[in-house]
Amino acid sequence: MSENEATLGALVSELRRGTLVLSVLSQLTERQYGYSLVQRLSEQELFVDQSTLYPLLRRLEKQELLDSDWTLEEARPRRYYVLSPAGRKLLADLTNEWDRMVEVQDRLLGRSGHEGKKE
Amino acid sequence: MELLERYLYEIGRRLPAKQREDIVKELRSLLGDALDARTQGRDATEADVEAVLREFGSPAEVASRYAGERYLIGPRMFDLYWLVLRIVVLCMTGGLLIALAVGLMTDTSTVGGAVRRIVEFFPNLLTAAFTAFGYVTGIFFLVERAAARKELRIPLEKSEWNPKDLPRVPVREDRVGPVGPIVAIVFTLFAMWLFNLHPELVAFMYSLNEGWSNLVQIPVLSTAALSAYLPLWNVGWIAGLILQSFLLAKGRWQFGTRIAHAATQLFSIGVFAYMMAGPVLFNPGVFQNLPDLEVLNTWFLSSYRWFFVFLIVVTFIDAVKSVVLAVKGRVPKT
């Protein structure tokens with residue numbers, strides 16, 4: 001039983017890892033700093049490890065999907081991230097892909113459509 | 001706050017120097033936010049800091065997330081690395097074995113010396129193997145780093161390939177493992193070194209009195225004959241080296257290599273025929289100076305030419321076999 005749970009846990013975290021970039025990009029249409037992003041995500045019930053999220057932000061910036069700048073006016077210096085033009089384009093494309101994937105999976109799972117969510 | 005700085009220092013220590021300052025600065029800010037969220041305006045205690053850090057993860061873990069996946073030698077190059085490593089270590093072992101054999105044959109001054117050579121061989125082999133391993137790994141590591149830095153994308157597979165181009169699974173007699181070609185290459189290189197640079201090592205060692213002192217070294221090869229034949233041998237050896245390298249790379253006999261092999265065998269037959277008719281390869285005095293070996297001398301002179309006849313026949317059979325297999329491989333199986 002616990003072995004089953006472990007397998008499930010590994011598969012779920014793999015699914016989450018696959019969708020993490022989309023989740024993060026979706027919240028960065030407005031400027032966010034690291035901690036505010038964590039909070040925003042957890043308000044939507046997506047709980048991301050901070051030590052996973054922060055390096056990801058830097059990687060996305062390095063890939064020029066995000067822009068960043070330091071703001072010094074607040075309680076402490078903070079680095080803000082926001083989608084770059086390339087990031088906005090990617091978010092749109094990735095969202096389309098996501099929609100298609102959901103459609104396909106629903107079909108595979110024998111659901112008529114998004115609303116056909118059975119118990 | 002001292003705990004926080006200790007934590008940041010431990011992370012920074014594990015980060016690449018170029019990004020260290022920037023990442024630590026950002027982490028300090030982020031940890032400050034996390035701490036504020038926890039304390040909600042009251043003063044932070046040591047316990048608060050501890051809890052935040054515990055949630056964040058150990059310095060090693062956090063730093064490794066920033067570094068991404070790091071390889072000594074990445075998957076792009078591992079196959080090549082492994083192949084090169086095996087070839088280098090095999091060649092080196094072969095070379096050291098040959099050196100041991102040569103050492104034992106040339107330096108027979110004392111029994112103790114021979115024993116010493118054999119005993120020393122194993123630690124030497126081990127040292128040489130580790131050195132070779134170190135060099136190969138080091139060179140590949142540098143290439144890996146250079147490739148990673150320049151974002152050089154060495155593709156795992158060729159960009160386009162056609163499944164129809166996949167070669168047929170070789171039949172049993174077409175398969176070539178790596179050991180055969182490597183051994184052939186090592187021995188060919190050794191022969192080239194020996195006959196071109198140190199023909200005097202091919203000699204009979206003869207002791208005039210009992211014991212191992214007063215060793216007389218009688219060269220076996222006639223210099224005149226050797227200078228006539230050596231260029232031809234070199235051509236054959238180089239052709240052999242090229243052929244064996246191909247076999248090593250492809251792992252199978254193919255039409256081209258079969259035909260090339262047959263051609264080199266025909267060339268060898270020509271050389272053998274020339275050697276049969278030409279000057280005797282061996283030093284004419286080699287057996288005359290050895291009083292005990294007069295029987296051997298007459299036997300040798302009568303069989304010298306027949307030896308070449310034998311060689312020619314064997315080589316010819318091999319060449320024919322190679323052509324037959326080449327043609328057979330071309331005919332599609334029904």
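B:V327 counts as partly exposed because its relative accessibility is 44%, where partly exposed lies between buried (under 20% relative accessible area) and exposed (over 50%), with a 1.4 Å probe and protein chains only. The model is predicted, so that local features need pLDDT of at least 70 and side-chain atom pairs count only at pLDDT 80 or more, while totals for chains, interfaces and linings use all residues. Residues are numbered from 1 along each chain as its sequence is written, chains are lettered from A in the order in which they are written, and side-chain values use heavy atoms, with hydrogens and water left out.

**Nonpolar patch on chain B**

- B:V327 lies in helix α10 of chain B, helices being DSSP runs of H or I with at least four residues and strands runs of E with at least two, numbered from the N terminus.
- Together with B:F255, B:I259, B:V323 and B:V331, B:V327 makes a nonpolar surface patch of about 370 Å²; such a patch joins nonpolar side chains (Val, Leu, Ile, Met, Phe, Trp, Tyr) within 5 Å, from residues with over 30% relative accessible area and no salt bridge.
- At least two residues of this patch come from each of α9 (255-277) and α10 (294-330) of chain B.

**Interface between chains A and B**

- In the interface, 18 residues of chain A are in contact with 20 residues of chain B, contact meaning heavy atoms within 4.5 Å.
- About 1,700 Å² is buried between chain A and chain B, with 49% of it on carbon and sulfur atoms; buried area is the accessible area (1.4 Å probe) that two parts lose on being put together, summed over both.
- Of the area that chain A buries against chain B, 33% is supplied by A:S51, A:R58 and A:R76, more than by any other three residues.
- Eight salt bridges are counted between chain A and chain B, each a side-chain nitrogen of Lys or Arg within 4 Å of a carboxyl oxygen of Asp or Glu.
- One salt bridge pairs A:R79 with B:E26, with the closest N and O atoms 3.1 Å apart.
- On the side of chain A that touches chain B, α2 (34-43), α3 (50-62) and β3 (78-83) each supply at least two residues, and the largest share, eight residues, comes from α3(A).

**Chain A**

- Chain A has four helices and three strands, which follow the pattern α-β-α-α-β-β-α along the sequence.
- Of the 119 residues in chain A, 34% are buried.

Definitions and conventions. Patches are made of residues with over 30% relative accessible area and no salt bridge: like charges are joined within 9 Å, nonpolar side chains (Val, Leu, Ile, Met, Phe, Trp, Tyr) within 5 Å. Accessible areas come from the Shrake-Rupley method with a 1.4 Å probe; for residues, only the protein chains shown count as cover.
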